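Dear colleague,

Please find the structure below, as arranged. My notes on it follow directly after.

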There are 2 protein chains.
Amino acid sequence: MSAPTTPGPAVADLLGLVAFGELLAFERMAGDARLAPDLRRRATLNEMAAAEIGNYRRLADRLTELGVPPADAMAPYVVPLQAYHDSTEPRDWAEVVTKAYVGDAITDDFLREIAGTLNGPDRGLVLDVLHDSGYAEFAAAEIRTAVAADPRVAGRLSMWARRLVGEALSQAGRVAAERAALTALIGRGDRVDVPGLFGRLTTAHTARMAVVGLNN
Amino acid sequence: MSAPTTPGPAVADLLGLVAFGELLAFERMAGDARLAPDLRRRATLNEMAAAEIGNYRRLADRLTELGVPPADAMAPYVVPLQAYHDSTEPRDWAEVVTKAYVGDAITDDFLREIAGTLNGPDRGLVLDVLHDSGYAEFAAAEIRTAVAADPRVAGRLSMWARRLVGEALSQAGRVAAERAALTALIGRGDRVDVPGLFGRLTTAHTARMAVVGLNN
């Protein structure tokens, strides 16, 4: 059985997933800002959060253009994405920045992979909503500072990062089981390479952990 | 005793107040979005929130230009503004939109009044960070819908709006007592007209309440 390269409903499914991901990342990061140790860091986290909303607007506009109300395209992802965030509520600033660092990077890796399965404007749009690297550098610097101040923090944050990835994979599995068209798109039609995709995401994640002094 | 029209420290005081007001309005609106009855309204509230961050950035950049670290200029307002929001935590969507409607409009009226006391670039900046009227219309329409669906809601929201104004005035009094330079600026040097200012803000607020079917 061979799926077309960019089936219409699958594209709306994907854009809906990314759009709701942005919306929720926005809300959660804004909510986490109160854990910042000072106003400068608090403002920076809020600015990171706000960047997600500009991307949300572009994805919502594209969905409208495709004739799909953004709310309809996002609806299937409310429960799993909410569950991810509810189960990974940061307790302090180090957990906040680690969550932003891990989550943004895995999301971007996933989007870069998936962009290759899309045509023209949707490919460009998905590549455009990748996170600004300045924010990743801010989060990485904050993690390094926390680890330098207290080496025991490295163990706790390493465990936290594993939990973030575990919860994300668990919800991704749930989405994959329920959204056949999306899964087919991610699997690139008949060249299903989902295990390869997960392998690449994991390898990149491990490398990023090492960069900030955490263990996978 | 006559204060200069735009004393340097008073301007930084004012910009710090507005900047932290934007930052906190952003966080709180983003936090309130989960109370939205559907994804469309949730996204709209988040977009309203995100607009505050763009304004925050402009104010912070201006403070930096004036040689004042934004965090220093904002620090005096953390306790009173936080107290305002802690004492006015909305319990449902109708309270969320009423808080946005009331708070944004009073803030804008205050900024329009205060802009007259500032010179050149700061006057332009303060007038530029006024809220987009499209968002006020969204909030007003949501209040009217809530009141139309259940007329008893009007009484509850009228009381809620009075509480919002009462808490805001209480914290404003606290700020005024502690920040002499800011108060002098608001009082326009030797032509102190603070009672007149409060009178005008209250009159405009009452008119806005009537427009959405609420009583003052």
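In these notes, contact means heavy atoms within 4.5 Å. Helices are DSSP runs (H or I, at least four residues), numbered from the N terminus. This is a predicted model, in which local features need pLDDT of at least 70 and side-chain atom pairs count only at pLDDT 80 or more, while totals for chains, interfaces and linings use all residues. Residues are numbered from 1 along each chain as its sequence is written, chains are lettered from A and ligands numbered from 1 in the order in which they are written, and side-chain values use heavy atoms, with hydrogens and water left out.

I begin with a helix pair in chain A. The axes of α4(A) (residues 78-86) and α8(A) (residues 152-178) come within 9 Å and cross at roughly 170°; axes are lines fitted to C-alpha atoms, for helices over the stretch in contact, and angles run from 0 to 180 degrees between N-to-C directions. The two helices are therefore roughly antiparallel, a term for angles over 145 degrees. On the α4(A) side, A:Val79, A:Pro80, A:Ala83 and A:Tyr84 meet residues of α8(A), including A:Leu164, A:Ala168 and A:Val175.

Two further helices deserve attention. Helix α2 of chain A (residues 39-65) has 27 residues and should span 39 Å at 1.5 Å a residue; its end C-alpha atoms are 40 Å apart, which agrees. The expected span is 1.5 Å times one less than the number of residues. Of the 27 residues in α2(A), 19 are buried (under 20% relative accessible area, with a 1.4 Å probe and protein chains only). A:Asp38 caps the N-terminal end of α2(A), with a side-chain oxygen 3.2 Å from the backbone nitrogen of A:Arg40. After the helix comes A:Gly67, whose phi is positive, near 85°.

In chain B, helix α5 (residues 93-115) reaches 32 Å from its first C-alpha to its last, close to the expected 33 Å. This helix is mostly covered, with 19 of its 23 residues buried. Its N-terminal cap is B:Asp92, which places a side-chain oxygen 3.3 Å from the backbone nitrogen of B:Ala94.

Finally, two individual residues. A:Val126 lies in helix α6 (residues 120-128) of chain A and counts as buried because its relative accessibility is 1%. Leaving out residues up to four places away in sequence, A:Val126 touches A:Leu15, A:Leu111, A:Ile114, A:Ala115 and A:Leu118. B:His85, in α4 of chain B, also counts as buried, at 9% relative accessibility.

Yours sincerely

Key: Buried < 20%, exposed > 50% of the residue type's maximum accessible area, 1.4 Å probe, protein only. Polar contact = N/O pair within 3.5 Å; in protein donor to acceptor, adjacent residues only side chain to side chain. Parallel < 35°, antiparallel > 145°, perpendicular 65-115°, else oblique.
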